[in-house]
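Visitor: I would like to learn how to read a structure feature by feature. Shall we go through it together?

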Amino acid sequence: MPEQLPGRLPGPSAHDPPATGVCEPPATGLCEPPATPASPVALPQRLCPAVLDLSGLRDSPAARGPRALRAPLELYLARVAEQDAQTLRHAREVLDAEERARARAFRHDRDRDAYVVAHAALRGVLSVVTGVRAEALPLTREPCAGCGGPHGRPVLSTPGVHFSLSHSGGLVLVALAPAPVGVDVEELATVKVMLSAQSALHRAEADELARLPAYSRPAAFTRAWVRKEAYLKGLGTGLVRDPALDYLGTGPTPTDPAPGWAVRDLLIPSGYAAAVGLRTC
């Protein structure tokens, strides 16, 4: 896909109700997940992640748990800029050797910090539900959906917990579920990125976009993109599957792409869009 496509995309368009930011429950640290609907069919059209307090990493030398996932879905958000130097240091300490090497390879501090916060946040929430220390989690990779190589999506080597991770700009999102799940967050697409990625849209989505006023197209495109990527992550194919094959819509409400799958938008800070895809049967 073209330059970072759409990998950093929004908030609502001019046709959406104004965003007021993230719904923040009382700060209780990593061990208190958000309440979630009782069943997949009860998922609201927009979901609100719980905000992670990563200082819990420094206060929990041993994992507590395990505990059951709160079905059908747990969602968490972390803000990179809110992590102080001590929290970042503790976050780096829970990464494995490969993750630390990847972090060191970033040229810019902001990109390095985002990577560290993202992977430490994932390890933190997985530690809570598995009862395994964050730095000792048995993470492996599935075969690549395209070439079969050992660089597909990360998974736990023990069954029962599916997860997805996404970060963009200063935001990190983590989704946990007992069924396959995908999550994506992106900064608002620039006009240049949007125009270079028209081929990623379903024909009906391209028609919808063309009917919008120019000023609202980047937000609508971004909205469609995060829905697509969340769904494709949940499928396990990523962009190996042509995003144009699936219609999820550019409007305020996503369309579920296939029987047995639900895709929902997430309430997050303005300047970004995010979505989650969950297999429901």
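Visitor: Is Glu98 buried, exposed or partly exposed, and with what relative accessible area?

Guide: This is a predicted model, where local features need pLDDT of at least 70, side-chain atom pairs count only at pLDDT 80 or more, and totals for chains, interfaces and linings use all residues. Residues are numbered from 1 along each chain as its sequence is written, and side-chain values use heavy atoms, with hydrogens and water left out. Buried means under 20% relative accessible area, exposed over 50%, and partly exposed in between (1.4 Å probe, protein chains only). Glu98 has a relative accessible area of 46%, so Glu98 is partly exposed.

Visitor: With which residue does Glu98 form a salt bridge?

Guide: Side chains of opposite charge can pair when their charged atoms come close. The rule for a salt bridge is a side-chain nitrogen of Lys or Arg within 4 Å of a carboxyl oxygen of Asp or Glu. Glu98 pairs with Arg102, with 3.4 Å between the closest N and O atoms. Both residues lie in helix H3 (residues 97–105), 4 residues apart, about one turn of the helix. Helices (H or I, at least four residues) and strands (E, at least two) are DSSP runs, numbered from the N terminus. Arg102 is partly exposed, at 44% relative accessibility.

Visitor: Which salt bridge does Arg123 form?

Guide: Arg123 forms one with Glu99, the closest N and O atoms being 2.9 Å apart. This pair links distant parts of the chain: Arg123 is in helix H4 (residues 109–130) and Glu99 in helix H3, 24 residues apart. Arg123 is buried at 1% relative accessibility. Glu99 is buried too, at 9%. Asp96, Glu99 and Arg123 are linked in a network of salt bridges.

Visitor: What parts does the pair Glu205 and Lys228 tie together?

Guide: Their side chains meet in a salt bridge of 2.8 Å, N to O. Glu205 lies in helix H6 (residues 203–211) and Lys228 in helix H7 (residues 217–235), so the pair ties together parts 23 residues apart in sequence. Glu205 is buried, with a relative accessible area of 0%. Lys228 is buried at 2%. The whole structure has 12 salt bridges.

Visitor: How many disulfides are there?

Guide: A disulfide is a covalent bond between the sulfur atoms of two cysteines. The rule asks for a pair of cysteine sulfur atoms within 2.5 Å. The count is 0 disulfides. Cys48 is partly exposed at 26% relative accessibility. Cys281 is exposed at 72%.

Visitor: Which residues touch the most other members of the largest nonpolar core?

Guide: A nonpolar core is a set of buried Ala, Val, Leu, Ile, Met, Phe, Trp, Tyr and Cys residues joined through side-chain atoms within 4.5 Å. The largest core has 33 residues, and Leu126, Val172, Val174 and Leu176 touch the most other members. H4 gives the largest share of this core, 11 residues. Leaving aside neighbours within four places in sequence, Leu126 is in contact (heavy atoms within 4.5 Å) with residues including Leu137, Phe163 and Leu176. A second, separate core of 20 residues includes Leu173 and Tyr272.

Visitor: What average pLDDT does the protein chain have?

Guide: pLDDT is the predictor's confidence in each residue, from 0 to 100. The protein chain averages 82, and 80% of the residues score at least 70. Over residues 1–41, pLDDT stays under 50.
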